[in-house]
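Here is a short briefing on the structure shown below.

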Amino acid sequence: MAFDPSQLPSLLNPEQLRAATHTGGPLLVLAGAGSGKTRVITYRIANLVLAHGVEPWRILAVTFTNKAAGEMRERLERLLGPSAGEAWISTFHATGARILRRDGEIIGLPRSFVIYDEADQLAEMKRVMKAAGVDPKLVDPRKVLHRIDDAKNHGRTPDDLAKRPGWDELSRVTPDLYRRYQKALAGAGAADFGDLLSRLVELFEKAPDVLQKYRARFQHVLVDEFQDTNQVQYRLLKMLAGDGRGLCVVGDDDQAIYRWRGADVSNLLTFPDDFPGAEVVKLERNYRSSQVILDAAHAVIRQNRNRMDKRLWTDSSGGAPLELFVARDERSEAERVADMVRASLQRGVDPLEIAVFYRTNAQSRVLEEAFRFGRIPYVIVRGRSFYERAEVKDLAAYLRLALNPLSNADALRVINKPARGIGDTTVGRVEAAAAAWGVSIVDACRQGPQVPGLAAAAQRKVQAFAQLVDRLARLAGSEASAGEVAEAALRESGMEEAFLADGTDESMDRLDNVRELVGAAREWDESWEPSPDPEEAATPLAAFLEQIALLGDADEKTAGPKVALMTLHASKGLEFEEVFLTGMEETVFPHVRSIREAEGGDDGVGDPEGLAEERRLCYVGFTRAKRRLVLSLANCRALFGELKFNEPSRFLGDVPRELFGAATSLPAPRASAGVHVIYDQYPEAEADIDLGDEDGFEDRYTIDYSFDQRPAPQPARPAVRAPARAGPPRSAQATRLAANGDFVAGTPVRHAMYGVGMVEEIEGDRASVRFPKVGVKRILTRFLEAV
DNA sequence: TGAGCGTCAATTAGC
DNA sequence: TTGACGCTCA
């Protein structure tokens, strides 16, 4: 083996070494950004195995994302070789699913249970509400689900909720809906993501012998990103870790940015109290960023109360100063960023080493436009996309049905996909019958003629659907591969035919997508091996579906190196040579909501935690940068179609002026925010604005814009801006037609959905417009724009 | 059954 | 401004 534990002292700094080699008691590793955390965890595991003789299968390492789990597994394989595969290295949810598949039958979860995603949950909740007679207009089903999820995160049952009734409608109905929802899931042999954890707690409580089995097995439990754990997760850890002898948690309270999703930093802050005698190791040496960047990050984060005292340092001193610019508006900001990025690329910086961050997804639009216009290859980094596409989910639903025909969410999803004449009325009758008989949707379909109210044609159609599911189930049961079942589903469901028959570009894209899923299933079959563990008697199809449910989008095949655009949240855990952090404005970042929360309502009682979390988010953003950090803001910004003038972000005011470099002169700070703003580093006074003419060429205007004037309350704005304000490329902001008399046959127009077409005829307030892809449509003229 | 249109709301997003 | 969703008419 390549790795020899005796080399550890030369591979790790003293603190890292202590964290990697400490044994015999609970351990909390406070790992600052870029302090070599993953390295410590992997060496720790390797050391346990090689120096202490711990068998790999006795080790459980949990992370929050599949990516983190994958990286850890990969690194460990390099140190330990194939035996690393025996360790359980996975996400909390995957761990939960794995244990529930083995032992969940004790609490009524079939081995073949399906995992409902958000869309499935929402659909199920809507049905539950309908059955319970709760008006979805009065009570938002999403909010109910959120309450339920929150309850699960805190380990609360419907009864617990019922004991503390609220005064509003939502609180009143939630306990009952929660109970009914769980019942519906049970009937469908399904679990949602929250259940993967909360039902595991339930299992451990109801079957102590099962808990004992796992507790005895896992001598060592390691947890990454511990500051992101919620209460159930911590509870599970405590259950599994017993006295905590073999428990090692790694985290950074300064990077806790998921409170809104149930995470509870106090898990980390109180760890030493929960496990008296716990060893605490701080990793403060940073191997990523320049000292300038670390100083800036520290200046921001030190304003927070209730944090573990620590400060990152690096021995590579200095570094380039921070950069800051104020743009006229968000378009100009985006263009400037694009220009700077282009300059970096021309200087030879690797596109993969450049990232642009923003607080909210909505901000990405202008940036995308600027990058597209500037021909800069970019990629929006976001979670899952492929498996979220409707057609992909449809085919996946057929696969899940093949394995678990009880799954009503899947049955209802595809009962009429492709359209096979089973309309809402028929579905409603089938649903009612299924509910009355206490059977699944597919079962009810099978009994076609027995379903009250069904016409003969409808009876035949639903029976045909049941037969389709039966056929697929038989195929899946006969140990067919995932690929074979997927192919059969695509063909026999009629999806393939329907896409081909439609023949539009869109349908062909969709067909490509579902075929890609079939391809993924085939690949899966080839690489799949049955687990040596007899408790895990999975088929390739079952394992494939598990991977889809838990892994989300596995394809990272972004062709070619591209600059990454992402939200600050998405940036956590990543690092780049050059980071552009945009929208450094009050109400954008920190977000309005957190500001309002902190200010409090009429009673004046505010909650500053949201703001503290925004501050941590800023810290996370800063510490992603290795060498260069560029901050930007816009003097005004179009938000929901309205112009807003925002103050510079308070976070800018926390950064010492000298970190921005001496070459730049500063205007007087804005009194209220006390922010240092460099206006002349990128002289926006010479701004180029494109107004774009019909001929597609841009006219360039130079405007005189003084930033030194405080824009509040009603700032004077350059006259030239008004007509062109905040415009995306000309085409999209074309003048809206006021009346139908404004154009005649032969006028080119644009429609939001169909794109550009030609007016053929006008009748009253409608126009017949011929579009290249969809032919002639009659459309109200107010939905048309002149081109 | 679905395209077309009105209405309403509006962080962040992992599994 | 964009988007998601639900109602309604052909």
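**Fold, DNA surface and pocket**

Chain A has 31 helices and 22 strands. The model is predicted. Chain A has 787 residues, and 52% of them count as buried.

**Contacts in chain A**
- Take the contacts between residues at least 6 apart in sequence: 72% of these join residues at least 24 apart.

**Surface near DNA strand C**
- Lys 126, Lys 137, Arg 142, Phe 640 and Gly 641 surround DNA strand C.
- By class, three of the residues near DNA strand C are charged, one is polar and one is nonpolar.
- Sugar or phosphate accounts for 60% of the atoms of DNA strand C within 4 Å of the protein. Bases supply the rest.
- Arg 142 has a side-chain N or O atom 2.3 Å from a phosphate oxygen of DNA strand C.

**Second largest pocket**
- The second largest pocket holds about 1,700 Å³ of space.
- Its lining counts 46 residues, and those closest to the pocket centre are Arg 98, Trp 524, Trp 528, Glu 536 and Ala 543.
- The lining of this pocket divides into 24 nonpolar, 13 charged and nine polar residues.
- α26 gives the largest share of the lining, with eight residues. α26 spans 540-551.
- Elements that each supply at least two lining residues include the helices α4 (66-80), α5 (92-103) and α18 (390-403). The strands β3 (88-91) and β4 (114-116) also each supply at least two.

Methods: Residues numbered from 1 in each chain as written. Chains lettered and ligands numbered in written order. Predicted model: local features only at pLDDT ≥ 70, side-chain atom pairs only at ≥ 80, totals over all residues. Heavy atoms only, no water. Near = heavy atom within 4 Å. Polar contact = N/O pair within 3.5 Å; in protein donor to acceptor, adjacent residues only side chain to side chain. Nonpolar A, V, L, I, M, F, W, Y, C, P; charged D, E, K, R; others polar. 1 Å grid on protein atoms, 1.4 Å probe; cavity = no way out; pocket = protein on both sides within 12 Å on 5 of 7 lines; lining within 4 Å. Points joined across faces, edges and corners; volume = space filled by probe spheres on them. Helix = DSSP H or I, 4+ residues; strand = E, 2+ residues; numbered from the N terminus. Buried < 20%, exposed > 50% of the residue type's maximum accessible area, 1.4 Å probe, protein only. Contact = heavy atoms within 4.5 Å.
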